[in-house]
Amino acid sequence: MPERILVCVGWPYANYLLHVGQAAGAYLPADIFARFQRLKGNEVLMVSGSDCHGTPITVAADKEGVDPRVIVDRYHPRILEVWERFGISFDLFTTTLTPNHYAVTQDVFLKLLENDFLYPKMAEYLYDPEAERFLPDRYVEGTCPHCGYTEARGDQCDNCGRTLDAVELVNPRSKISGATPVLRPSEHFFLRLSALESRLKEWVSEKRHWRKNVLNFTLGMLNEGLKDRGITRDIKWGVPVPVEGYEDKCIYVWFDAVIGYLSASKEWAQIRGTPDAWKPFWEDSSTRSYYFVGKDNIPFHTVVWPAMLMGYGGLNLPYDVPANQYVNFSAGQKQSKSKGTGTWMLDLLDAYAPDVVRFYLTTVLPETTDTEFREEELIRANNDVLIATWGNLSNRVISMVHRNFEGVVPESGPLAPESQALLDEAMTAFDSVGAEFDACHFRAALQEALRLAQSANKYLDERAPWKAVKQDKDHAAETLAVALDVINALKVLLHPVLPFSTVQLHGDLGLPDDVVSQGWGFQPVPRGTVLAPVQPLYTKIDVTSEGAGA
RNA sequence: GGCAGGGUAGCUCAGCUGGUCAGAGCGCACGACUCAUAAUCGUGAGGUCGGGAGUUCAAGUCUCCCCCCUGCUACCA
């Protein structure tokens, strides 16, 4: 019975290039998961898009004296390029600038308003009289009232680490213009999170399968008590508030960004020519929806978005939010998009084959703790694990079939116990590896799959077909045929992580159709199949040269 | 400051509800093999599980205190 799986991935901000941390934190795990589910024969919808609103984009645009759209148009195509080259298999990767997204966002807004989960409230906010805009706390600098640090930000002092309120700062100044901010009254809509607190608690308490950090963090937030949250801003770049008298205000970026999952699903359905196709993914309660995000985004996906969905009514809440920790870069330096440090995905993909990057990143996915990206480790993983254990396995077997059996998969007679044992192991692997993938334990899944490759290597060493072929050709035939069957199993087991090279292997094995249509399960290579000439799946990387991948 | 996660072999990381939990892979040393991208297979060395105190017959595993890293702390998203 096929299941329906909705894979939602955090929306990248459209004013930076994508770095390794984002790829490993959200997009790669989401893609591995989606590919696995498709192999299982499940119906998968995987959506995301560029988050195009928000203060940083308008600030960047102002700095260059251009429309924010120019910034978006510069980065969105680069993001798409990463998906293409890295093999992130979105069903739709859109933006928050589409008319559809605006319409869906406003619909959610109005429905929440109608259901009394939104209400307007007057308050005072910091205003930059020179730049003529209201300032988020982060855009105010000044002297810390506690330690006297002169570069303190409005939300926190980087020197003494205290949390601040922007109005506490001594000598406050706007980060944008340098002007002294003033307080100005403004009326904004607030999301009545407080009213949904108990329902959220009840809902979260059932989520035993959530990761420890996600569950505890969310429970902690709920137990502290939820405060209503302002969801509109005095800005012109964003989705307009669809209420009379509020024409000069926009819906705040995080509110519209999470709605993107829904609007993208609807857009996907429209593009496909089946406008209602989104509904089963959102309205059928048997659908499992997953949200792949970084740990900094947990509250938006385990509290705010669920609250919005509850307030809206009739739509599925997240089934799981397998949030990841961070991938750090070199000596504990964070992969920060704002600081401009880190390894950009496009640079990395210029240097290395996508599957090599995917393989290495999968071994260091920050599933439970922050991890570290190191280029020399990537090279080592390629040479000493990917090629040594897996690439070389298929290479040595295919080579021997060419040398001794004219490249045709030989017949295997009655199987020796060790041959049957290896095949049994391959069949079992679909359960064990599959269970890990399904539980979003991608590192463990990869490790488990590689164990089968090691067993196959051991099997070859014990049966020594290169020796057997001289006295007992049937013995060698059996060994190679069985080894090919296991390689074919590994091709499927590894496909979610290594989509490019396993597709190549599928063709090299002379098999029809594609890997996905073969499905998640053991399939022997038909005897008599003609193999393609030997063609290495991966290329060794010279340690001394800077990235020479194929 | 508060909340959450993490601190385990040279490196990257597993270790759920306390008793083969002191592990895996890589690296390193030695041996075997030579089909294969000097790949593979076997053997071995390596850690008082961040520090201290406690509970227990028994603690990386529970409790308390301390140190370090990361995130959040509601106007970055």
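Start with the pair α4 and α7, which lie oblique to each other in this predicted model. Select residues 99-114 for helix α4 and residues 253-271 for helix α7. Their axes come within 8 Å and cross at roughly 125°.

Next, show the side chains where the two helices touch. On α4, pick N100, H101, V104, T105, V108, F109 and L112. On α7, the residues in contact are F255, D256, I259, G260, L262, S263, K266, E267 and Q270. Colour this set by residue type: the contact of α4 with α7 has 7 nonpolar, 6 polar and 3 charged residues.

Now zoom out to the whole of chain A and colour by domain. Domain 1 is made of two segments, 4-116 and 254-348, while domain 2 covers 374-518. The centres of the two domains, taken over C-alpha atoms, are 36 Å apart.

Move to the place where domain 1 meets domain 2. Here 17 residues of domain 1 are in contact with 13 residues of domain 2. About 1300 Å² is buried between the two domains, and carbon and sulfur atoms give 76% of that area.

Last stop: which three residues supply more than any other three of the area that domain 1 buries against domain 2? Select I32, F36 and L39, which supply 45% of it.

Note on methods
Residues numbered from 1 in each chain as written. Chains lettered and ligands numbered in written order. Predicted model: local features only at pLDDT ≥ 70, side-chain atom pairs only at ≥ 80, totals over all residues. Heavy atoms only, no water. Axes fitted to C-alpha atoms, helices over the stretch in contact; angles between N-to-C directions. Helix = DSSP H or I, 4+ residues; strand = E, 2+ residues; numbered from the N terminus. Parallel < 35°, antiparallel > 145°, perpendicular 65-115°, else oblique. Contact = heavy atoms within 4.5 Å. Nonpolar A, V, L, I, M, F, W, Y, C, P; charged D, E, K, R; others polar. Domains from an automatic or database assignment. Buried area = accessible area lost by both parts, 1.4 Å probe.
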